[in-house]
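I opened the notebook today to look through a new model, chain by chain and helix by helix. Here is what I looked up, in the order I got to it.

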Number of protein chains: 2
Amino acid sequence: MANAIAALSMDAVQRANSGHPGMPMGMADAATVLFSQFLKFDPKAPNWADRDRFILSAGHGSMLIYSLLHLTGYEAVTMDQIKNFRQLGSITAGHPEYGHVPGVETTTGPLGQGISNAVGFALAERHLNARYGDDLVNHHTYVIAGDGCLMEGVSQEAIGLAGHLGLNRLTVLWDDNNITIDGPVSLSSSTDQIARFKAANWKTIAVDGHDRDAVADALRQAKSSDKPTLIACKTTIGKGAPTKAGLNKAHGSPLGDEEIAGTRAARGWSHAPFEIPDHVYAEWAKPGKAGAEEHSKWAKRLATDANSADFTRAMSGELNAGWLEAFQSYKDSVATDMPAMATRASSGKALAPLTELLTDMISGSADLEGSNKTKTPVTSVEIQAGNYGGRYVNWGIREHGMAAAMNGMALHGGVIPYSGLFMVFMDYCRPSVRLAALMGIRTIYVATHDSIGVGEDGPTHQPVEHLASLRAIPNCYTYRPADALEVAECYEIALQNKTAPAVMALTRQGLPALRDDASRNMSERGGYVLRPGKGADDIVFLATGSEVHIAVEAADRLEKEDISARVVSIPCMDLFLEQDESYIRSVIGKDLPKIAVEAGIRQGWDGLIGREGGFVGMNGFGASAPGAELFKHFGITADAIVELAKTKLG
Amino acid sequence: MANAIAALSMDAVQRANSGHPGMPMGMADAATVLFSQFLKFDPKAPNWADRDRFILSAGHGSMLIYSLLHLTGYEAVTMDQIKNFRQLGSITAGHPEYGHVPGVETTTGPLGQGISNAVGFALAERHLNARYGDDLVNHHTYVIAGDGCLMEGVSQEAIGLAGHLGLNRLTVLWDDNNITIDGPVSLSSSTDQIARFKAANWKTIAVDGHDRDAVADALRQAKSSDKPTLIACKTTIGKGAPTKAGLNKAHGSPLGDEEIAGTRAARGWSHAPFEIPDHVYAEWAKPGKAGAEEHSKWAKRLATDANSADFTRAMSGELNAGWLEAFQSYKDSVATDMPAMATRASSGKALAPLTELLTDMISGSADLEGSNKTKTPVTSVEIQAGNYGGRYVNWGIREHGMAAAMNGMALHGGVIPYSGLFMVFMDYCRPSVRLAALMGIRTIYVATHDSIGVGEDGPTHQPVEHLASLRAIPNCYTYRPADALEVAECYEIALQNKTAPAVMALTRQGLPALRDDASRNMSERGGYVLRPGKGADDIVFLATGSEVHIAVEAADRLEKEDISARVVSIPCMDLFLEQDESYIRSVIGKDLPKIAVEAGIRQGWDGLIGREGGFVGMNGFGASAPGAELFKHFGITADAIVELAKTKLG
């Protein structure tokens, strides 16, 4: 059975003339044990909610998972797909991509991500188990990770979280092959990985990864452990290859015809490329059949479960019925009260009813709860080891591990993760945010302290380029609301988008309210005319977040001088730029002079204001001083806008 | 002596009404031992090359270092500066900022960075020691780190590197106060830090951080260790504060008058705020005087050292004399040969003479040497534990740790670090790149595989938004040369800029040569007319890197149809946008229709082409297929440019 994996992998890489044969060949034995004796799955129902999750963190070894999916009977993964490995239009991409292939639980390739996603999968499983019981939620998360995954820092954050939270349903098989791309691991690492995992409160087992009995025994121990488990599988990369086995030459390029022939001989596999004998297929069909029986029993339990409908809804990603109507009353109250407050505070205010109405929302913060204000009355019970029913995660000072785990939670389904951090540290978790966008999943980053308004903490803590750099990520929506009502509107939009992550950029400093009418979600097209001019406008101000208020002040002052300025609020530039040209033109005006106002860099604004447009914002890093002083110091004031407007108008 | 630190810290935070008093108060004892008995420094010569380096990785405790610098006699750190903590224009910023304050070796605040910079400091010290000997280079690197630093994943990369490289001159004092912002560490971590460091090949010692003899003994042990050393200092945050000591309340806000009065009583410190008795100043003056004597002896050794001039040059950051003239012959040869090759290959080709001419350049790669081509004949000897004279670092799969260590190397001085990684993984090290830009230091990232040209590895490995997001970082220069000659020119510019980091975005795929004249560095203004039209041009194409060739092909084809297209190459948009408006206009043309061509997103281009400009590039993520097919698939072709040009021209 393992030989079938090895053969498909080396043959597909050879045919593509590109890929990584060594890892699938080295881990074929261990993966065979996992898939044939332990993993609970139904190839005919890849999305069965209670399946075990398998994550190939070492995503370059994608032929391992494609081989397994093909052999175990996932219909979409045909032999033609295997033959078209890494070709345009095939589902068998170079690295496993979520959404392309049934059975691929998460997109991997960027090292360290899969093992960190797995923490979120295992956490979601325990949380949903606490919510819905053993009958509906009772599965495991298995990971295959390589040395690269373990060297990336994010893995330490993940390991630390998993050990702390006691996620005993999580098992990592480490492909301990002693090889990285450049040569032996000893070139760059002397870390005792077993000791490292032990230090993070994991159970650890070391085995010969080619000894199937030993691997099976280790997996049995892992299943009964009260901690997450690391199984170090000592393997030979490219096992069977006459001259390349055990060397970095087997890692990242086709073996070549001669080496492949030698491997066939060494492994006793006499079949032609892409030819799998029927008796091998028959063996590989068994675990899926066993899984289908489990699935069938589970379906019967689901049918009679009291929470059946809610569980099915949650796993589908649909939001609780009636939430939008109920939330409208919150928005109406905001429009009536018009509270003056920081948007991080009005975010906390909006999240209170939202988390009550949307029972799948799970909150958290990277050790900044008091600043991010993500904890709400109904999410105040904290998730800790052995107590997974709460709805708040203390992520610790681990932004990257947090974002990667949030990806895993969203991918698992049944929960909607949102968590807080300082906006400047979106840089720390950017690789995971990018993957959320690429996969098209709903994760929400509550990114508070969104500009020089941070104040005294200084330039290391003040986002300047972050609005631009976050807007740059395709399929990631960055919201920068200007008052409590826009905050509520932006949450509505973000929560209804099941296929994209959202960044909520929120102020530290207090802001007045702008609007008194919540009858329509004005933010839904990304930008709108907040304060019309007098009809025939002389100039247009475009602004976001805290700077909308400054723009309005400037417009009010110009009005006294008979200059008509329109103020456009753009709570989501990503959304606004997706609108049809006629809408955009109707909002920003076609030939009117324009000034953009944002306490960030200019990049990205030229698309709306042009090279000749005016810009009031930042052109470098911030400084350490009280926030209000910094706005003056850097000239982001109504005075500056008024002056620039007069210059533009000659 | 320690009370003076604690008092200044709590009083300055109180006066600023902002800051973090708890950490300086908790670590005052340990820091007093370090500064008074171990640290080698001369307050009158803060930049003395052979000083010990002290790095406050827990940068929020900035009053600790400001207090120490004031007390030990750094003239710039006056009592007025202490009183103006966190105010506009003062050097005592919220977090310690490199370049603002003598004695601050690196900007810290973003957690995990300082401890990771320290690896670079310690590595540079050992390398320069191998190069110049004990007489000139013989110092230690000390770090104070908190729980936050140790939770951030980058710290694992740093710890792993330091342990692997046996950097025994590196000592980390961990402020083991059991507190994070949200509460006790036990909320979010169960990691046994001592065991974790041991697993990474560190010596570890645990002490009571308030027991000065124990701290001194541990520091002595660290000095004689053959490994890097972790000293876990069990401390009480906000020590002495009657109701807040030992709690997260002491961490990040002023203690309040009452609590401060209680602390004075508890610590037996009866002096008024900002009042330090003369006898305390006198005690604190001693270590600096001892250091000054060491400095004086060292200066005598330097004066007679055979390598005196070269050492002084290297430490000043000046490049070896005559390198530019010598490198011209390489450029001339490229202009003659016009080699067709990938820019990652021509980068390797240029680095060969550069590393020979510039003896401070230290190379490396994040486990992608064969792909990044950063290793050159003279840098081929690898730095390993006990053998630091080489010029190549195997960073392992640790992009973030690599970039943070490169920052430390550049800050130490005497070396110019450049290292390779896949460009898409610039996201992994972005927090360190931002700090390099903020500090204004010379680090060079050789970022190969810069577009969908990556091919089969697919969207996880294909930069799309990265050119935009890297250009967004202030004071960071992203170069995207189009052929071997532009590659050489861009290296010339990057190496001559001592105050900014550089990203070299380089292709995986082969490219033809474009220019046959190396007499002038055409890239030095960021952009230039590569291929003029016929005089009265009809349209302008702006392009970078691999897409310049496509633009030239399109222009050539249009010429046959009597349409005159100018092609502008923009090897560095950051530099180009810094030019005066008349130069920019002269290059891009004032009223001519424009099309930008780049295999990335449009963001940033509107500043040159306007909203009405044409764009041939990407508007989402890539795909897995051979690179050439992807260019066709995504429509980044001469055909597409020709067609769009005709549309624009009506």
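Predicted model: local features only at pLDDT ≥ 70, side-chain atom pairs only at ≥ 80, totals over all residues.

**Entry 1: a helix pair in chain A**

At what angle do helix H1 (residues 2-16) of chain A and helix H3 (residues 62-72) of chain A pack, and how far apart are their axes? I found an angle of about 125°, with the axes 9 Å apart. H1(A) and H3(A) are therefore oblique to each other. I also noted the hand of the crossing of H1(A) and H3(A), which is right-handed. From H1(A), the residues in contact are A:Ala4, A:Ile5, A:Leu8, A:Ser9, A:Ala12 and A:Val13. H3(A) meets them with A:Met63, A:Leu64, A:Ser67, A:Leu68, A:His70 and A:Leu71.

**Entry 2: confidence**

Chain A has a mean pLDDT of 97, and 100% of its residues reach 70 or more. For the complex, the predictor gives an ipTM of 0.98 and a pTM of 0.98.

**Entry 3: how the copies are related**

Next I superposed chain B on chain A: a rotation of 180° with 0.0 Å of shift along its axis does it, at an RMSD of 0.0 Å. The two copies are thus related as by a two-fold rotation axis. Which C-alpha of chain B is nearest the axis? I found that of B:Gly153, 1.9 Å from the axis. I then compared the interfaces: 99% of the interface residues of chain B are also interface residues in chain A, so the copies meet through the same surface.

**Entry 4: H7 against H7**

B:Gly153 took me to helix H7 (residues 153-165), which packs against H7 of the other chain. H7(A) and H7(B) pack at about 115°, with their axes 6 Å apart. Their crossing is right-handed. H7(A) makes the contact with A:Gly153, A:Gln156 and A:Glu157, while H7(B) brings B:Gly153, B:Val154, B:Gln156 and B:Glu157.

B:Val154, B:Glu157 and B:Leu161 of H7(B) touch B:Glu399, B:His400 and B:Gly401 of H16(B).

**Entry 5: what UniProt lists**

I turned to the UniProt record, an unreviewed entry, which gives "domain: Transketolase-like pyrimidine-binding" for residues 341-513 of chain A. Over residues 341-513 I read 36% helix and 16% strand, with the end C-alpha atoms 8 Å apart.

Under "binding site", the unreviewed UniProt entry lists A:His60, A:Gly109, A:Pro110, A:Leu111, A:Gly148, A:Asn177, A:His251 and A:Phe425. Lastly I placed one of them: A:His251 is in the loop between strand E7 (229-234) and helix H10 (257-267) of chain A.

Note on methods
Residues numbered from 1 in each chain as written. Chains lettered and ligands numbered in written order. Heavy atoms only, no water. pLDDT = per-residue confidence, 0-100. Least-squares fit on C-alpha atoms with pLDDT ≥ 70 in both. Contact = heavy atoms within 4.5 Å. UniProt positions renumbered as here; feature names shortened; annotations may be inferred. Helix = DSSP H or I, 4+ residues; strand = E, 2+ residues; numbered from the N terminus. Axes fitted to C-alpha atoms, helices over the stretch in contact; angles between N-to-C directions. Parallel < 35°, antiparallel > 145°, perpendicular 65-115°, else oblique. Left-handed = near helix turned anticlockwise from the far one by under 90°.
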